[in-house]
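Please open the structure in your viewer and keep the sequence panel beside it. The tour below moves from one selection to the next, and at each stop it says what is there.

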Amino acid sequence: MKMSKLFVQTLREFPSDAEVISHKMLVRAGYIRKLTSGVYNYLPLMWRVLKKVENIVREEMDKAGAQELLMPFVQPKELWEESGRWEVYGKELMRLKDRHNREMCLGPTHEEIITSIARDGLKSYKQLPVNLYQIQSKFRDEVRPRFGLLRGREFIMKDAYSFDTSEEGLKKEYENMAKAYSRIFKRCGLNTKMVQSDSGAIGGSVSHEFMVITDTDAGENDVFYCDSCDYSANSNHAISNLPEANIVGKYEKAEIIDTPDTHSIEELSDFLKIPSTIIVKTLVYIVDKKPVLALIRADKQVEETKLMNAVGGVDIRIATAGEIEEMMGVNGFDAAKGFIGPNGLKEYNGYPVTIIADNTVKEMKNFVIGINQEDKHGVGYNWGSEVKLPEIVTDIRLVEAGELCPQCGKPLKVTRGIEVGNIFQLGTKYSKPMNAVFTDVDGKTKPYVMGCYGIGISRTAAAAVEAHYDEFGIKWPLAIAPYHAIVIPVSTKDELQMKVANDIYETLKKHGVEVVIDDRDERPGVKFKDAELIGFSYIITVGKSINEGLVEFKTRETNEKSQMKPEDAAEIVVTAVHNIK
RNA sequence: CGGGAUGUAGCGCAGCUUGGUAGCGCACCUCGCUUGGGACGAGGGGGUCGCACGUUCGAAUCGUGUCAUCCCGACCA
């Protein structure tokens with residue numbers, strides 16, 4: 001490809017609306033342009049990268065025994081009603097109506113469609129197991145798209161779905177996919193960590209996420225991990241053991257005391273001169289419109305996903321001050337935030353109040369707790385006497401770095417991660433309600449045991465930029481670079497330079513190298529800047545030293561430069577390209 | 001959805017306070033000059049100033065409304 005004809009417009013400056021590295025770089029280097037919020041044009045350079053990522057995914061999926069197909073982007077409401085998700089999925093599901101007023105949606109994921117395909121085609125255990133996948137644009141009407149390709153509304157995803165006759169079969173396929181994923185991300189030049197995670201709206205029991213750990217701020221997930229063993233988990237799923245703490249209060253008898261203006265835990269513990277580990281904190285949440293009280297040891301935070309799962313909801317938020325006031329009124333109290341407690345709160349918004357206690361409060365004794373009276377707290381309280389231990393006591397606690405690994409007891413560490421893939425064991429979550437069954441050996445019909453496996457293709461490409469860049473631009477891993485190399489004649493007017501540059505260009509092309517020659521009548525600085533910004537893996541410069549028979553060879557990954565003969569430079573590139581796998 | 005901000009040429013911005021019919025840098029086109037790190041000179045093209053209504057002789061500028069975009073929080077590949 002001639003640079004003069006390559007469709008690319010590099011910018012002198014970073015776009016003002018971009019925040020993270022990959023977004024800044026991809027726009028400035030001419031890979032993407034935003035069309036509207038969360039929706040991007042993939043320009044020719046970007047499309048080349050995406051196709052390479054896709055092909056790696058495709059090769060590894062095929063090698064792992066999966067079969068590719070393609071499902072529609074527009075889906076009918078009826079299937080989503082069968083699975084029960086038309087109601088549950090929420091506003092991210094982009095709903096629309098056709099000319100006959102029939103309700104449709106843009107596919108955010110394809111469990112419903114694939115399940116309907118399977119139940120039509122997979123009737124016998126003899127046909128199982130099967131793993132089907134597709135690579136396609138998805139649309140999720142995110143509340144707040146951001147970070148360029150890392151969180152768009154429209155994005156490219158590989159989604160795979162497996163169908164097995166048994167849990168054992170599913171587990172085997174799950175392992176198989178986990179291995180394929182590791183190979184895929186490795187080939188894309190990414191270091192990933194496979195971490196335990198919550199299964200969220202997709203559902204199912206066991207799930208893991210593949211996180212890219214970078215030193216940029218682009219990661220949106222906190223990953224807790226242990227250096228001493230293999231434990232790692234997303235913060236929404238991580239568990240830990242707590243170091244010893246003082247959980248027995250100094251109070252000898254239960255009483256109500258004045259605690260004026262102690263609206264926060266800090267103020268309360270300062271006022272009473274006690275550690276926050278003997279205070280039970282009560283937080284008010286609204287889960288799917290229903291009131292939920294969360295009780296937790298006051299030095300710890302609630303993990304909202306865990307709390308939501310404990311209640312069995314799909315949407316959670318902390319209650320507003322107004323809602324809290326209303327709830328107090330309904331139940332005959334008049335206390336504000338800071339003085340709330342579980343005693344006496346019965347109902348709100350037409351629903352009974354659900355109370356969930358975190359494991360941390362169970363062993364606490366003679367503790368301090370809100371009693372729904374302004375400027376007062378109960379002290380020396382105990383479960384079973386002054387206050388009832390809630391029926392549900394479970395883990396709703398957000399892990400913090402330094403707490404102890406649940407597997408080996410060493411302190412946990414935390415890091416930010418970009419989620420590029422995930423795998424779920426769905427079980428019969430979709431096959432059962434959608435009546436997707438096969439006939440087993442014993443002649444009985446049974447629902448498929450399903451798994452699903454996603455990879456964000458466009459996100460993976462963006463994550464690769466987050467992991468490979470420097471002050472000059474992108475440093476693509478060779479396997480996903482839009483072009484492997486660029487040949488730069490310093491002066492297009494110099495006949496010898498042009499001839500040698502062209503020779504190298506032709507040689508590389510002949511050997512299957514994807515190469516660009518910068519034939520533009522630009523000053524050298526412009527060509528170097530562009531080459532580095534765009535991120536060609538190898539940069540071969542033909543300049544004055546060609547009079548001594550030498551060219552300059554630069555490896556973008558390391559920025560190492562050296563002088564060598566043209567044929568040697570070509571040789572290095574050809575060998576490197578042939579060694580991609 | 002809660003909080004904050006911004007909409008002026010493809011990109012980055014000024015002008016708005018104090019209303020007078022739009023400007024700078026980059027990019028683009030032509031000519032010259034230049035060719036190892038985003039040169040220089042001369043000339044040129046491109047914007048109904050997000051949109052609507054209002055105030056005014058006159059609105060990018062003032063007012064009201066509206067739409068869009070971005071940032072911080074809660075959700076996800």
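In which loop is the place of Tyr-448? Select this residue in the model, which is a predicted one, and you will find Tyr-448 in the loop between strand 25 (445-447) and strand 26 (449-456). With a relative accessibility of 0%, Tyr-448 counts as buried, because buried means under 20%.

Next, colour the chain by domain. Chain A is divided into domain 1 (21-188 + 428-466), domain 2 (255-394) and domain 3 (483-578), and if you look from domain 2 to domain 3, their C-alpha centres lie 67 Å apart.

The next stops are charged pairs. Side chains of opposite charge can pair when their charged atoms come close, and in this model the count comes to 36 salt bridges.

Select Arg-187 and Glu-59, which form a salt bridge whose closest N and O atoms are 2.9 Å apart. Arg-187 lies in helix 6 (residues 167-187) and Glu-59 in helix 2 (residues 44-63), so this pair ties together parts that are 128 residues apart in sequence. Arg-187 is buried, with a relative accessible area of 18%, whereas Glu-59 is partly exposed at 43%.

Move on to Asp-258 and Lys-376, another salt bridge, with the closest N and O atoms 2.7 Å apart. Here too distant parts of the chain are linked, since Asp-258 is in strand 13 (residues 255-258) and Lys-376 in strand 21 (residues 376-381), 118 residues apart. Lys-376 counts as partly exposed, at 27% relative accessibility.

Then select Lys-446 with Asp-440, a salt bridge in which the closest N and O atoms are 2.7 Å apart. Lys-446 is partly exposed, with a relative accessible area of 27%, and Asp-440 is buried, with a relative accessible area of 12%. To finish with charged pairs, show Glu-59, Glu-60, Lys-63, Arg-183 and Arg-187 together, which are joined into one network by salt bridges that share partners.

Now switch to a surface view. Which residues form a negative surface patch? Select Asp-261, Glu-266, Glu-267, Asp-270, Glu-325, Glu-326, Asp-334 and Glu-374 to see the patch. Helix 7 (265-272) and helix 9 (321-330) are the elements that give two or more residues to it, and the largest share, 3 residues, comes from helix 7. Asp-334, for its part, is in the loop between helix 9 and strand 17 (347-348), and at 67% relative accessibility Asp-334 counts as exposed.

The last stops concern the backbone. Most residues other than glycine have a negative phi, and most peptide bonds are trans. Select Asn-101, which has a positive phi of about 70° although it is not a glycine; Asn-101 is in the loop between strand 5 (95-97) and strand 6 (103-106), and counts as exposed at 55% relative accessibility. Asn-366 also has a positive phi, near 50°, and is found in the loop between helix 10 (359-362) and strand 20 (367-370). Finally, zoom in on the peptide bond from Leu-128 to Pro-129, which is cis, with omega near 0°, and notice that Pro-129 is found in the loop between helix 5 (111-121) and strand 7 (130-139).

Definitions and conventions: Residues are numbered from 1 along each chain as its sequence is written. Chains are lettered from A and ligands numbered from 1 in the order in which they are written. This is a predicted model: local features need pLDDT of at least 70, side-chain atom pairs count only at pLDDT 80 or more; totals for chains, interfaces and linings use all residues. Side-chain values use heavy atoms; hydrogens and water are left out. Patches are made of residues with over 30% relative accessible area and no salt bridge: like charges are joined within 9 Å, nonpolar side chains (Val, Leu, Ile, Met, Phe, Trp, Tyr) within 5 Å. Accessible areas come from the Shrake-Rupley method with a 1.4 Å probe; for residues, only the protein chains shown count as cover. A salt bridge is a side-chain nitrogen of Lys or Arg within 4 Å of a carboxyl oxygen of Asp or Glu. Lys and Arg count as positive and Asp and Glu as negative; His and the chain ends are not counted. The place of a charge is taken as NZ of Lys, CZ of Arg, CG of Asp or CD of Glu. Helices (H or I, at least four residues) and strands (E, at least two) are DSSP runs, numbered from the N terminus. Buried means under 20% relative accessible area, exposed over 50%, partly exposed in between (1.4 Å probe, protein chains only). Domain bounds come from an automatic or database domain assignment.
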